[in-house]
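Hi everyone, thanks for coming. Let me put the structure on the screen, and then we can walk through it together.

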Amino acid sequence: MKFIKPVPASWINEKIEGEIIGLQNAEATGINEIHKVENGDITFVDHPKYYDKVLNSEASFIIINKSVEAPEGKTLFFVENPFEAYCKIVEHFRPFVVQTEMISSDLKKGNNTFIYPNVFIGKNVSIGDNCIIYPNVSIMDHTIIGNNVIIHPGVVIGSNSFYYNTKKDREVWYKKMPDCGRVIIEDNVEIGANCTIDRGVSAETVIGKGTKMDNLIHVGHDTVIGKNCLFAAQTGIAGVVNIGDGVTVWGQCGISKTLSIGNNATLLAMTGVNSDLQGGKIYWGVPAEEASNKKRELVWIKRIPQLWEKIMNK
Amino acid sequence: MKFIKPVPASWINEKIEGEIIGLQNAEATGINEIHKVENGDITFVDHPKYYDKVLNSEASFIIINKSVEAPEGKTLFFVENPFEAYCKIVEHFRPFVVQTEMISSDLKKGNNTFIYPNVFIGKNVSIGDNCIIYPNVSIMDHTIIGNNVIIHPGVVIGSNSFYYNTKKDREVWYKKMPDCGRVIIEDNVEIGANCTIDRGVSAETVIGKGTKMDNLIHVGHDTVIGKNCLFAAQTGIAGVVNIGDGVTVWGQCGISKTLSIGNNATLLAMTGVNSDLQGGKIYWGVPAEEASNKKRELVWIKRIPQLWEKIMNK
Amino acid sequence: MKFIKPVPASWINEKIEGEIIGLQNAEATGINEIHKVENGDITFVDHPKYYDKVLNSEASFIIINKSVEAPEGKTLFFVENPFEAYCKIVEHFRPFVVQTEMISSDLKKGNNTFIYPNVFIGKNVSIGDNCIIYPNVSIMDHTIIGNNVIIHPGVVIGSNSFYYNTKKDREVWYKKMPDCGRVIIEDNVEIGANCTIDRGVSAETVIGKGTKMDNLIHVGHDTVIGKNCLFAAQTGIAGVVNIGDGVTVWGQCGISKTLSIGNNATLLAMTGVNSDLQGGKIYWGVPAEEASNKKRELVWIKRIPQLWEKIMNK
């Protein structure tokens, strides 16, 4: 999330009752969790395992629970509980506000766009021209929808990320990360019935221009999908994934978090992706391999009895 | 889709601004895409790869972008863009009409059928006797529901097919095929929460009498499912599939498009079907094989280290 | 289901028009199907295959279609159709009652709990303090929700179990088991968009304190999930499963019915569980094995061509 206007370090520090180390007078331009952090952003770290990663990240402002020297050009905020301090800032800019209207009165709606009965639309939503939003759809706060977009019944856009601060020595192991990100649905996209698309935890979940999704697909927070992709039913894409343009994903595939898939890759049905994949190739299997290799492998497996016969019975 | 009354070739030709080749005075009785085309139907072909298939199909009227001789008894319409011509006819008979009522006033509803609050029902829908339609269900246009049917919360019936005209040399690769088909849910069917059942792109998606579906199941366009079948949760069935009677499909199976599965077949959980399956057998695995073979294969895989030991270390 | 006050055997027998064998004057304290039956409960058996199991179960009252001697301390009701007799009792205590209100007037709602527009809430529901119920959620009859619970859009809680009385020599093979169970969602639970959680067929479906679920997850009837568990998107859990505390289940896993998974087990993505799993270990694959074994197995499979080369070409 970028702030509407820059926020002084002193204001942040007062808010979270910390101690400033390093640059005193800088101004933050946004806030992001570590996967999406950019120059000018505030972020946080609360586990020694990640200190180095975060101190060396693009973040300009780091909320931390160890009093270390600030890297050059950065501002640290030393606090006891960095996660709670981060939440305090997010909740300041994105407070939970009750909505009793079915469609928020601040909706920006283009021409020739039709919204069926029984659709819920949250705050800070815009929908372009020539769109159809079918019944029983839920479009939550901070969603941007382009032109010529079709959203089928039962779709949920902008639900919370599945992202928790985990400490197994607390009674409550998983504490919810408050979201300050958005969903962006570009022009000519179609989203099938009962799909769920989570909003960015701190950045943006994007469905690229001309991409088409079948039913019951899940897209995690901060995932960015390119243009002219095709996703068949029941595929699931975890958070912070990058998918290129022209990618085809057949039914019931799964893609793990933070991975990248290159342009024009194809995943055959039921493929499980647990590493980055190059573009222009066809993949299959769990874990995903080039489909031709995987198919050969099935042939090899069928030959084991022959080997056994030859070796064990001679 | 069958027309209410036959449509003369001359009317069609005027509508799509083409050139008639072959039979001039025939009358079309319906329109269908190639997978479901029948005698008397109009269909289209726009790629040389499929000319032969379509010219030799049951179609009586073919919209085509090549000036070829008409096969005996057929009428061709020669146009520059057959896909757009096909769409023009479909949209004439099935125009998109805005609906602002929660339940269409033309609903035909039987006796002792109860519809919970918050259900959307489109145009041209009929629901038989003794049915329960639970809350937050969306029943879209052109759906026929029999007697004693239970539709659980969040179900979507009659959403659009996932079917596109694809040309990768256009800016928009995937152009939407307009639907003119229906969904038919026969007597005694039960559909679990948040299932999605797409309407036929040009024919009918059918759930046969007495078939029961668990939650979060996807059924693609023009798929026909027989009687007394059982589908456990999260199974996905692509478009134009034929499933016989008495078929049992356990959880999270996937069935690829245009396949057939015989009567009384059983698919164990997480099976992926990529070829036709005979009835009366038990299948498992990805791709599906007879379960007994597949289970033996797992035993063979466990024996590879023994083979290795014997061969490599001798 | 436990009765509010005990029910005499004579009342039951009159209701189902049977013949009492064994204890005549006992009083039943509840009713349950065989998987969940407890001392004091009524249950039924209609197939010779299960007579012994049910006669030796904890059930105190057994509806049966064979005139056998009653085990000590038990009451039998001899009837022609035990399934229909069981249904008659369930339907007496849990009749289907039409609800036309969007939110039942008997809802017990705690402080600081916000319910978005377009939520359906059935009868006999209670929701604790500090909860958020997002739009287009369906909470069906007999659901208990604790404090600090978040239910995302499109979720269905308390839909019917997928549980049928099966006889393949009838025209209707599958007859619906009427539900008399509940759903209990404990404190600090979060349920992701479009999840479905079925109510107990006769006991309780439970989501334990602090457990978090991502989107599009299915939980079957009478399944009991422990505290501080994490379930990633699109996982499916069948009925009557027991999952311990601190269990982590990654995306698109499937867990078959009536199984148990021990505390602090981890299932990697796309794992299929078909047997009980011990706690404290990491599992992967279909069927689930310890992940380290399964990963080694993949390495072994890659070595088959080497074996072949060595054996067949020598």
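Let's start with how the copies relate.

A quick word on what you're looking at. This is a predicted model, where local features need pLDDT of at least 70, side-chain atom pairs count only at pLDDT 80 or more, and totals for chains, interfaces and linings use all residues. Residues are numbered from 1 along each chain as its sequence is written, and chains are lettered from A and ligands numbered from 1 in the order in which they are written.

Now, chain A by itself. Its C-alpha atoms fill a box of roughly 80 × 60 × 35 Å along the principal axes. Chain A has five helices and 34 strands; these are DSSP runs numbered from the N terminus, H or I of at least four residues for helices and E of at least two for strands. Of its 314 residues, 54% count as buried, meaning that 20 or more other C-beta atoms, placed from the backbone, lie within 10 Å of the residue's own.

Which strands make up the open sheet? In chain A, eight of them line up in the order β9-β12-β15-β20-β23-β26-β29-β32, with parallel pairing. Strands pair if DSSP finds at least two bridges between them. At the edges sit β9 (120–121) and β32 (272–273) of chain A, each pairing on one side only. Two bridges join β29 (residues 254–255) of chain A to β32(A), and A:Ile255 stands opposite A:Val273 in β32(A).

Finally, the contact between chains A and C. It takes 37 residues from chain A and 35 residues from chain C, with contact meaning C-beta atoms, placed from the backbone, within 7 Å. On the chain A side, the elements giving two or more residues are β15 (156–159), β17 (174–176), α4 (291–302) and α5 (304–312). The largest share, four residues, comes from α5(A).

Conventions: Contact = placed C-beta atoms within 7 Å. Buried ≥ 20, exposed ≤ 12 C-beta atoms within 10 Å, placed from the backbone.
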